Structures are given as structure tokens and as C-alpha cells.
Amino acid sequence: NETIVLRVREGLESVCVARCETTHAVRTVGAVGNRRPINFGASGKVLLAFAPDAVRDEYLAQLRRNGQTDDPA
């Protein structure tokens, strides 16, 4: 009886494509269609880790362009 969220990678973002809510009073709030940077949350990091090399290279290049040497999340 926990919230389940299914996210997919689209570019350098993860997108919620399905969600099943818990009945517990304390829960996360979100919606199908919600987008967030790929480095936010465990699901995005897993999607990035198993993405093609070109996607990971693009993400690391973006970090370098922004003056970041480490993942901010």
C-alpha cells in the first residue's frame, strides 16, 4: 500500500507516465506528466546510469558548461 511511480527518460529529464497512490495519510504529491531534471531522485539516476553513452556524455558536458564538476543532487 505505497505510492508507485513509473518514470521514463526524455532527453535529460524524467517524466512520470503512471502513478498509483497509497491510501496512507502521509504521501508524496505528484501527477502524471510531471517532469524533472534527470539527476533528481533515484529513478532519474537509474535512468541516467543505464542510458546510452551519448546521453551520459551530454549530461556530463552540461555539468561542465554550468561550471559544476560533481552531480548537484
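**Exercise 1.** Work out whether Val8 is buried, partly exposed or exposed, and find which surface patch it belongs to.

*Solution.* Start with the cut-offs: buried is under 20% relative accessible area, exposed is over 50%, and partly exposed sits in between (1.4 Å probe, protein chains only). Val8 has 35% relative accessibility, so it counts as partly exposed. Finally, the patch: Leu6, Val8 and Val17 make a nonpolar surface patch of about 230 Å². Nonpolar side chains in such a patch are joined within 5 Å, and each residue has over 30% relative accessible area and no salt bridge (a Lys or Arg side-chain nitrogen within 4 Å of an Asp or Glu carboxyl oxygen).

Keep in mind that this is a predicted model, where local features need pLDDT of at least 70, side-chain atom pairs count only at pLDDT 80 or more, and totals for chains, interfaces and linings use all residues. Residues are numbered from 1 along each chain as its sequence is written, and side-chain values use heavy atoms, leaving out hydrogens and water.

**Exercise 2.** Find how many disulfides there are.

*Solution.* Take the rule first: two cysteine sulfur atoms within 2.5 Å. The count is 0. For Cys16, the nearest cysteine sulfur is that of Cys20, 11 Å away.

**Exercise 3.** Locate Val29 and classify its exposure.

*Solution.* Val29 is in the loop between strand 2 (13–20) and strand 3 (35–37). At 83% relative accessibility, Val29 is exposed.

How values were computed
Patches are made of residues with over 30% relative accessible area and no salt bridge: like charges are joined within 9 Å, nonpolar side chains (Val, Leu, Ile, Met, Phe, Trp, Tyr) within 5 Å. Accessible areas come from the Shrake-Rupley method with a 1.4 Å probe; for residues, only the protein chains shown count as cover. Helices (H or I, at least four residues) and strands (E, at least two) are DSSP runs, numbered from the N terminus.
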